Amino acid sequence: MAASCDLLDVDPLELQFPFVLDKQISCPLRLTNRTYRTIAFKVKTTSPRKYCVRPNNGVVPPRSSCTVVVTMQAQKVVPPDLQCKDKFLVQSVVVSDGLSAKDITSQMFMKEGGNVVEEVKLKVAYVMPPEPQQEIAEEHDGVERILVPMQRIVDNGRSTSELSSGSASLRSAEEVGSPVGRIVKSEEFLKAAGPALETKTYAGPAEQSHQLSAIIAKLTEEKNSALEQNRKLRDELERVRREASKQKGNFSLVLLAATGVLCVILGYLVKK
């Protein structure tokens, strides 16, 4: 966010420093002169020993701009909650054409002398440093990144004898001089590694969800089948018990009848 003033536009209004211990950090400050007159400026701070401003004063020609670099010296201690109360002040005043930076004096920015001095106050904020981004590899570097793990997959899928005989020899991207050669070799790799890559393919989230549903359905079916078999076994056991009980009752009746017949015979013999 910039401050639009009559003399100089100052951007940004808040100087943000990604705070890192033991490291100098710079923040650019852009001053734009939108008038048709020459503007002199001066940059002040509440902590002059902590910051280095280059240039801290100068001249901005009509309809032009300049960049001031504010550098925070390396810090040894992290402030609580990354809070900073430092302030900056950008003063600007109209000067005569042809004036150079070495001709600027402190009296030019004194309001007591009748000068029309414009002032813009700036805040300072400490921010967390951005996470280091991974380097974006060029096309041939990308081939090298893919080539190495592919070679390991192919090597795992082939026998030692094939590798030693040279039938499955693979050249790394570093052995090929040009990027075009690297791309050609990578295509050969893909063809050679086809069967091995198929075995190393991993299912995506949708396929994993489908597989999980299939496993659950299969387990449910097996559970229902086991319960049905258990019910059939119980019915069969109950039937066997009933038949055994029935046969036992029939045997008792036969034994009783035989005993009665035997008693009659014995009584007849005794009387005779």
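The model is predicted, so local features need pLDDT of at least 70 and side-chain atom pairs count only at pLDDT 80 or more, while totals for chains, interfaces and linings use all residues. Residues are numbered from 1 along each chain as its sequence is written, and side-chain values use heavy atoms, without hydrogens or water.

A nonpolar core is a set of buried Ala, Val, Leu, Ile, Met, Phe, Trp, Tyr and Cys residues joined through side-chain atoms within 4.5 Å; buried means under 20% relative accessible area, exposed over 50%, and partly exposed in between (1.4 Å probe, protein chains only). The largest such core has 28 residues, and Phe17, Leu31, Tyr51, Phe88 and Tyr126 have the most contacts inside it. Apart from it lies another core of seven residues, including Val93 and Phe109.

Rings of Phe, Tyr and Trp (its six-membered ring) pair if their centres lie within 6.5 Å; planes under 30 degrees apart count as stacked, over 60 as edge-to-face and the rest as tilted. Ring pairs link Phe17, Tyr51 and Phe88 into a cluster. The rings of Phe17 and Tyr51 have centres 5.8 Å apart and planes at 40 degrees, so this pair is tilted. Tyr51 and Phe88 are edge-to-face, with 5.1 Å between centres and 70 degrees between planes.

Proline 61 is partly exposed, with a relative accessible area of 42%. Its C-alpha atom is separated by 8.1 Å from that of tyrosine 36, 25 residues apart along the chain.
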